[in-house]
Amino acid sequence: MTSNESIHDAHAKWLRRRWFLQECGVGLGGIAASSLLMGEPASASPSPGAATDPLAPRAPHFAPKAKRVIYIFQAGAPSHLDMFDYKPELAKRNGQLPPADLLKGYRAAFINPNSALLGPKFSFSKHGKCGMELSEVLPHTAKIADDICLIRSMQTDAVNHAPAQIMMNTGSQQFGRPSFGAWTLYGLGSESKDLPGFVVLTSAKGTSGGASNYGCGFLPTVYGGIPLRNAGDPVLFLSNPKGIDQETQRASLDAMQQLNQLAHQQFGDPEVEARIQSYELAYRLQTSAPELMDLQSESAATLERYGIKDTSKANFARNCLLARRLIERGVRFVQLFHEAWDQHGGLTAGVKQNSLETDQASAALVQDLKDRGLLEDTIVIWGGEFGRTPMVQGGNDGRDHHNRSFSMWLAGGGIKPGCVYGTTDELGFNVAENPVHVHDLNATLLHLLGFDHTKLIYRFQGRDYRLTDVHGTVVNGILA
C-alpha cells in the first residue's frame with residue numbers, strides 16, 4: 001500500500017470482481033466441474049453413447065433377475081381383509097368392540113378407533129398347489145396362485161391417500177422425490193428407441209398423489225414417466241398441424257437439434273439433453289404410438305383372455321394388454337394407475353365392482369407374459385398405498401384407512417412363485433410375522449433389477465439421495 005492509498009482503497013483493489021474472476025479462474029472451473037459431475041449417474045458404467053444419450057441402456061451393479069417392471073397400482077387402498085387375508089376371528093367378533101389393548105396409541109384417519117369390528121364380507125377358499133387362500137371376488141387371480149407371491153405383512157408410514165401413494169412410489173411422503181420408475185430408468189436406461197422408457201396408463205379417475213407418483217423429482221426430466229392418453233392422440237399435439245409435412249418437420253427438428261447441441265456443449269445442462277431427446281422421441285412417436293395403441297393385430301383369444309370386447313374402449317383391461325405390448329417394444333417401466341378402491345362406505349358393492357374390473361385382466365397379464373417367455377425377467381407388482389381397518393365405518397359396510405398391515409402380490413423377475421409371506425394378527429390389525437416396510441419392498445425390487453439400493457444414488461443440493469433414503473432391507477424370503 002503506498003502512502004497515498006487509504007486502507008479502504010487497498011481493500012477495494014483486492015476485492016474487485018474482475019480481479020476475483022481473473023485470479024481465481026482455476027478455482028471457479030473446479031467448482032463448475034464438480035457441479036456438473038454431481039449429476040452424473042452413480043448407478044453403473046454407461047455403455048458407449050451414454051454421454052450423449054441419457055436413455056442409453058446401462059449395466060446395473062450385478063447380474064439382474066429382472067430387466068423390466070409392470071407396476072399395477074390399485075390406488076385408494078384395496079381391503080386386504082376382504083380380498084387377501086381371511087380372519088376367522090374377525091368374522092366371529094363381527095359387531096363387537098375391539099380389545100382395548102389393541103388400540104393403545106392407535107390413531108385412525110377418520111373414524112373413532114373404538115368402532116365395532118367388521119367381519120369379512122366375502123368367503124375365502126384355497127387355490128393352487130400352494131394352497132393360497134383368496135377371496136371369492138378374485139376367481140382369476142386364484143388361477144395364477146402358483147405364479148404369484150402374496151405379501152400379507154406390508155407396512156407404511158402414511159395414513160392418507162396422497163402422501164401414502166407418493167411414499168409407495170417415491171419412498172417419501174414429501175413432494176419432489178423421484179419415483180421408482182424414474183430411478184429404474186436412471187439406473188438401467190431404455191431399450192426402446194421409438195417409445196418412452198417409462199410409460200404411465202390411467203383408468204378410472206386420476207390418483208390423489210397426481211404426477212408426483214410417476215415424476216422424475218430432482219433427476220433430469222428425461223427419466224420421468226410419460227402418460228399416454230386413452231382417446232385421440234396418445235400424446236397431445238403428436239399429429240402435425242395442417243400445412244406441415246414430414247420433410248418440413250424433419251428440417252425444423254434438425255435445426256433445433258443443432259442449436260440445442262451448441263447449448264449443451266457450452267453449458268453441459270442435462271435438461272438440454274432432455275429437450276433434444278423429447279423432440280426426437282416425439283417425432284418417432286408419430287409412427288410408433290398409433291401402431292402401439294391399435295389392438296386389431298391381437299388375436300380373438302388374447303382379447304377374450306383379458307376381457308376386452310371393444311378394442312377402442314379405454315379401460316383397465318385394455319391398459320393391461322398395452323402394458324404387455326409396451327414391454328415387448330423395449331419399454332423399461334410401465335405403470336398402471338386405477339384409483340377406485342376407497343370404500344369408506346359401500347364396501348361390499350365397491351369391492352365386487354372393482355374386482356370385476358381388474359381381476360381378470362391382471363391375471364391375464366401374468367399368464368400372457370408367462371406364455372410368451374417374458375415373465376421370468378419382468379416384475380409384475382399389484383397393490384395400493386395401504387389397507388383398510390378391521391373396524392367399521394359408514395354404518396355396517398365400510399372401512400377406514402389402515403397403514404399398519406396390508407397385502408400386495410408380485411410375480412416374475414426372480415420372485416418366489418406360489419409363496420405367501422408374512423402374517424397379521426387374528427384381527428388383521430398388526431403384522432405378527434415378517435414385516436415388510438415400503439422401503440424393504442423397494443430395496444428388494446431394486447435388488448431384482450441388479451442394484452444395491454444403497455449405491456443407486458443421485459447427488460442433489462449437496463446430499464446423496466436414493467429411493468430407500470436411509471432405510472430398507474432386501475426381503476430374501478420372497479426371492480426365488
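Is Lys121 buried, partly exposed or exposed? Lys121 is partly exposed, with a relative accessible area of 29%; buried means under 20%, exposed over 50% and partly exposed in between, with a 1.4 Å probe and protein chains only.

This is a predicted model, in which local features need pLDDT of at least 70 and side-chain atom pairs count only at pLDDT 80 or more, while totals for chains, interfaces and linings use all residues. Residues are numbered from 1 along each chain as its sequence is written, and side-chain values use heavy atoms, leaving out hydrogens and water.

**Whole chain.** Colour by secondary structure: the protein chain has 14 helices and 17 strands. These are DSSP runs numbered from the N terminus, helices (H or I) of at least four residues and strands (E) of at least two. Of the 480 residues, 52% count as buried.

**Salt bridges.** The whole structure holds 22 salt bridges, each a side-chain nitrogen of Lys or Arg within 4 Å of a carboxyl oxygen of Asp or Glu. Select Lys121 with Asp397: their side chains form a salt bridge at 3.7 Å, N to O. Asp397 is in the loop between strands S9 and S10, Lys121 in the loop between helix H5 and strand S2, 276 residues apart. Asp397 counts as buried at 18% relative accessibility.

Next, select Lys370 and Asp147, a salt bridge of 2.8 Å, N to O. Lys370 belongs to helix H13 (residues 347-371), and Asp147 to the loop between helix H6 and strand S4. Lys370 is partly exposed at 42%, whereas Asp147 is buried at 13%.

Then select Arg372 and Glu328, which meet at 3.4 Å, N to O. Both residues also belong to a network of salt bridges that includes Glu291, Arg305 and Asp368.

**Aromatic pairs.** The search finds 18 aromatic pairs. Rings of Phe, Tyr and Trp (its six-membered ring) pair if their centres lie within 6.5 Å; planes under 30 degrees apart count as stacked, over 60 as edge-to-face and the rest as tilted. Select Tyr214 and Phe337: the centres are 6.1 Å apart and the planes at 50°, so this pair is tilted. Tyr214 and Phe337 are buried, and they share one aromatic cluster with residues including Tyr71, Phe180 and Phe333.

Move to Phe218 and Tyr458, whose centres lie 6.0 Å apart with planes at 20°, so the pair is stacked. Phe218 is buried at 12%, and Tyr458 is buried at 7%.

**Last stop.** Select Arg463 and Tyr465: the charged end of Arg463 sits over the ring of Tyr465, 4.3 Å from its centre. The criterion is NZ of Lys or CZ of Arg within 6 Å of the ring centre and within 35 degrees of the ring normal.
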